[in-house]
Amino acid sequence: MTTPILTLTIDGKEVSGLAGETILQVARENGFFIPTLCWLDGLTSAGSCRLCMVEIKGSAALHPACITLIQEGMAVTTSSERLLRYRRAIIELLFSERNHVCAVCVVNGHCELQTLAQQLGIDHISFPGLYPDLPVDASHPRFVIDHNRCILCTRCVRVCGEIEGAHTWDVKNRGVRSQIVADFDTPWGDSTTCTGCGKCVHVCPTGALFEKGKSVAEMFKKPLGLPYLKAIRDLGV
Amino acid sequence: MPREKIDRITAEHRWFLDQFNYHILVCAGLGCPGNDDILRALGQTVRNRQLTDEVLIRKVGCMGLCSAGPLVLIRPGDLMYQKVQPEDAEEIIASLGKKPVERLLLSPDLAFFTRQHKNVLRLSGRIDPESLPDYLVAGGYQALLQALFAMQPTDILRCIQESGLRGRGGAGYPTGLKWSTVARAQGSPKYLICNADEGDPGAFMDRSLLESTPYAILEGMTVAAYAVGASEGFIYVRAEYPLAVQRLKRAIRDAEQNNLLGHSICGSNLNFRVQIRLGAGAFVCGEETALIRSIEGRRGLPRPRPPYPAEKGLRGRPTLINNVETYANIPSVITNGPEWWARLGTDKSRGTKVFALTGTIRNTGLIEVPMGMPLREIVYDIGGGLPGGHALKAVQTGGPSGGCIPAALLDTPVTYESLNELGSIMGSGGMIVIDDSASMVDIVTYFMAFCRDESCGKCTPCRVGTAQIHNLLTKFQNRKATMADLEMLEWLCDLVRNTSLCGLGQSAPNPVLSALRFFRQEFLDCILTDQNHEEVRP
Amino acid sequence: MMEKLRLATLWFDGCSGCHMSLLDTDERLLELTAFLDIVYSPLVDVKEFPDKVDITCVEGAISSPEDERMLVRVRNSSRLLVALGDCAVTGNIPAMRNIEGAPAMLRSIYTSGNGLQPQIPALDLPALNDKALPLHRFVPVDLFIPGCPPGADTLFTALTALIHGNTGHIALPTCFGA
């Protein structure tokens, strides 16, 4: 059985994709820029960061490109002035939420949040900082989790549950008090489920998860192998 | 065979009830404190006077007028006594068959009672919520029998669709359409969920229904299960409603024992079981996808729709999810027919709606009115107006997802459409009356604090946006805001409304936007007039 | 030849790195001074902030009542106000104390160590605001130049644009932390 090919327009340009593909997939294949933070190739989509919102002709609501499937004849707008304003505001909200100090961050220069801010032309944060008092957990022998840099994208939660199968990470509390926790809120080093594989560290888009011994700007993330790991798992190899 | 059993139970119980000359009904809702003492005092008095063969004392569900509670109703004659204390027992029993106790008497002509149209609340306060026979004598389970033995599932779907019933949980989605989608959906088994995770501040419609007529909700669910082909049902109810949970458990047990739930219900080929799931108090679990995740035993987080639960719900199977009041409406739609039902209310908002009337108003309590009734009638006739010489400022509907209707627009009919036009929502039925001494800035700050605390934290705009909006509102409260703050407030509301993942976030700015629309001056009054930067400290 | 623009630079709660970047423009400083007069700066010997300034570049976060007063004075006397570097733009390192507030920070720095007479210095020092905040929390800012510090090229590009009257959005090769 062949998958039907669907034709749609993105920002006025006619493109095509396979039925079952998301707007984000088709847009990226065709060179359109749609920013994402919670989405990562190889993980299930959470649709939670709300950066990839696009407009679809005929619908008043905005739709997250990472989970909205393409349809025949769909007309998608990825970069209207309105969308750009929303995207900038969402990035600014993330910066205001916690204590992001790029200058002294381990991933300075290779951080997805920092890069997106630059790409979207954000030169200051219009919202006042919330400055929450958050811990840094360095109890693990090889890794550190610094909640001050966490944007709650839950990539670590998903990679740990879906790819590694350990489900060490989850989220506690709710709303702005949400926080990533290991097991039942134990120090990471005391976790009985963590395998120490380090996948969470490498999928983390910011400096919230990093390897010990890395100083400012020294931590590089390598999340690119995930789709292969997922394919291998799905094949049952 | 089981039909005969039902008829037998009904006949026996009717005979039992008819033995007594007097029925004394005591409100036993969670909102009427001290009713146990009253029950005990009345019982003792009856025993002392050796009237146990003549007088039957029963605890019943909520009678509606909570501000006059605890309420006691004497039948026949329908004498209603208000604010009854245990000391009044002697006098009440002594007056039976004679002149009523004037000082406790509540006039039956009170507009609070005469202007209402009770359909869902018909049996509330009239029957013992823990007695299946009581419900049967009152005509209960006739709708289910009719559905099972005189109708096909498609007939029921058509009946619900023709009635025009819309979801009572807040959004007002056409119930018939939802049922048909689930009935058509591929997948087995199909699930059915009753959303009893009522969480709006000031709203207690669902709690009262669960406490007063739990069997009616089970009956509605069972009819729905037959119509859509569901075999397993869940009632997701807050753990903060212990009495409702206790009565539901009992109702489920009684229904199971009498073959009204379980295998081959009433001898038909319908198999349907119902389980209770307790919510731990997260507001977001009232959102259907979060509720489903919570039933699955996971963290209660909403997920983007589509797919809708009707196609992929609980455990990925087609799932029908309706609110308590929606299910409670079903028996009357089936027994009275869609035409009768559709005559109530307006063209697009049909039927009656239960409201929890609270705030600065004389008659607080639970009311049921036909849709389309003007707010003025609800506030001044049924509600009896505002006490203490206060003037009305606004009526808040829809809780933290709704807005306020200013006094000038009090002639607005209460329908889904008219409330939406004014930037509010029908919501689940909370109605808070606000007097002129209240500050709208304070009220919306309260609601925003609620949304901030209850945001699940999954999506960025709702998680951080509500916190930022709340901080801004606090600046207004402290009269330290600037024009730039007002601009930022409106911008953030726009952002949170348009980019949040679920209904909670998308509607969280509603109270603020509504207050800005009708009471903008109050916000402007909180803005510093002296633009001296020395004083504008962040 | 057009009249030279009057440039002022200030240094609040920051490390002076941004001023170092200005000096790092090296020989291009001469190109800039063809168009600019530096009328007030930690780098020149003028004690009073002048009344009329065209461009004022401010380095550092606002950390004390004294900073606040000076910033308002500077804003009122300047045509264009530039937030120079991350501290002025986001609060950056000085704002790390905002998590616990100024008193707790002072206690942990001056009294929790092994000093002979641990005490919080009070004499001759301006009091600290509870939070160190970026400029735009107090006054309107015309141009933000993030970076810790923004590089010499960034500063040169920004100043050149301002000299040529470009006050709209200026694309700069910098970002937070850069």
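Reader: How many residues of chain B are in contact with chain A?
Author: Please keep in mind that this is a predicted model, where local features need pLDDT of at least 70, side-chain atom pairs count only at pLDDT 80 or more, and totals for chains, interfaces and linings use all residues. Residues are numbered from 1 along each chain as its sequence is written, while chains are lettered from A and ligands numbered from 1 in the order in which they are written. Two residues are in contact if their C-beta atoms, placed from the backbone, lie within 7 Å. By that rule chain A contributes 24 residues, and the number from chain B is 24.

Reader: Which element gives the largest share of the side of chain B that touches chain A?
Author: Helices (H or I, at least four residues) and strands (E, at least two) are DSSP runs, numbered from the N terminus. Helix H16 (440-454), helix H17 (460-477) and helix H18 (483-499) of chain B are the elements that give two or more residues to this side. The largest share is 8 residues, and it comes from H17(B).

Reader: How many charged residues are on that side of chain B, the one that touches chain A?
Author: Ala, Val, Leu, Ile, Met, Phe, Trp, Tyr, Cys and Pro count as nonpolar, Asp, Glu, Lys and Arg as charged, and the others, Gly among them, as polar. On the side of chain B that touches chain A, 10 residues are nonpolar and 8 are polar, while the number of charged ones is 6.

Reader: And where chain A touches chain C, how many residues of chain A are nonpolar?
Author: That contact takes 17 residues from chain A and 21 residues from chain C. On the chain A side, 6 are polar and 2 are charged, and the nonpolar count is 9.

Reader: How many residues of domain 1 of chain A are in contact with domain 2 of chain A?
Author: Chain A is divided into domain 1 (5-79) and domain 2 (101-235), with bounds from an automatic or database domain assignment. Their centres, taken over C-alpha atoms, are separated by 26 Å. Domain 2 brings 18 residues to the contact, and domain 1 brings 11.

Reader: What distance separates the centres of domain 1 and domain 2 of chain B?
Author: Chain B is divided into domain 1 (16-107), domain 2 (140-343), domain 3 (352-438) and domain 4 (441-524). In the contact between the two domains you ask about, 4 residues of domain 1 meet 6 residues of domain 2. Taken over C-alpha atoms, their centres are separated by 34 Å.

Reader: Which are the edge strands of the sheet in chain C?
Author: Two strands pair if DSSP finds at least two bridges between them. Here 5 strands form an open sheet in the order E2-E1-E3-E4-E5, with parallel pairing. The strands that pair on one side only are E2 (36-40) and E5 (143-145) of chain C.

Reader: How many residues of helix H9 of chain B are buried?
Author: A residue is buried if 20 or more other C-beta atoms lie within 10 Å of its own, exposed if 12 or fewer, and partly exposed in between, with C-beta atoms placed from the backbone. The buried residues of H9(B) include Met205(B), Arg207(B) and Glu211(B). Helix H9 (residues 205-212) of chain B is mostly covered, and of its 8 residues the number buried is 8.
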